[in-house]
Amino acid sequence: MSSKTLNKAERTAAQAWDYLSSAMADTASKAASVAGDKSQQLAEQAGGKADVAWARANAAAAALAGRKPSTPWGLLIVAGLVGAAAGWAAATYARTALAKQAEAEERELNETAVIVGGTDI
């Protein structure tokens with residue numbers, strides 16, 4: 001082969017290599033971008049689940065160690081306040097209903113009462 005043909009072959013090979021490496025770099029860059037987006041999406045999905053899993057694991061470890069779960073004081077206080085408010089409302093309603101009933105009975109008694117008076121003979 002002549003040197004001219006060899007140089008042309010080397011140039012063609014170099015150009016082919018440059019084209020191939022450029023195409024591979026673009027493909028790798030796109031693949032990395034897609035992989036980064038997908039990993040971000042998966043991390044967002046797993047974020048809340050990891051917290052729940054961690055809490056469950058801690059509760060299981062505490063149960064295995066024989067420790068009882070803590071008392072939810074906040075929930076108990078709220079339930080007590082709601083119960084007290086419901087009791088107060090029921091008592092107020094009952095008191096009002098009894099007062100109205102007593103007034104109605106008083107009115108009925110006054111309307112139907114017979115006045116008995118003495119007679120002068």
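Helices here are DSSP runs of H or I with at least four residues, and strands are runs of E with at least two. Keep in mind that this is a predicted model.

**Exercise 1. Work out how many helices and strands the chain has, and whether it is spread out or compact.**

Step 1: Count the elements. You'll find two helices and zero strands.

Step 2: Check the radius of gyration. For this chain it's 45 Å, while the globule rule gives 14 Å for 121 residues, so the chain is more spread out than a compact globule.

Step 3: Look at the span of the C-alpha trace. Along the principal axes you get about 165 × 45 × 15 Å.

**Exercise 2. Find what share of the residues is buried and what the accessible surface comes to.**

Step 1: Buried means under 20% relative accessible area.

Step 2: Now take the surface. The accessible area of the chain is about 11,000 Å², with 64% of that belonging to carbon and sulfur atoms.

**Exercise 3. Decide whether Leu-76 and Val-82 are buried, partly exposed or exposed.**

Step 1: Leu-76 has 45% relative accessibility, so it counts as partly exposed. Val-82 has 55%, so it counts as exposed.

Step 2: See what surrounds Leu-76. Together with Trp-73, Ile-77 and Leu-81, Leu-76 forms a nonpolar surface patch with about 480 Å² of accessible area.

Notes. Residues are numbered from 1 along each chain as its sequence is written. This is a predicted model: local features need pLDDT of at least 70, side-chain atom pairs count only at pLDDT 80 or more; totals for chains, interfaces and linings use all residues. Side-chain values use heavy atoms; hydrogens and water are left out. Patches are made of residues with over 30% relative accessible area and no salt bridge: like charges are joined within 9 Å, nonpolar side chains (Val, Leu, Ile, Met, Phe, Trp, Tyr) within 5 Å. Accessible areas come from the Shrake-Rupley method with a 1.4 Å probe; for residues, only the protein chains shown count as cover. A salt bridge is a side-chain nitrogen of Lys or Arg within 4 Å of a carboxyl oxygen of Asp or Glu. Buried means under 20% relative accessible area, exposed over 50%, partly exposed in between (1.4 Å probe, protein chains only). The radius of gyration is taken over C-alpha atoms; the globule rule is 2.2 Å times the number of residues to the power 0.38.
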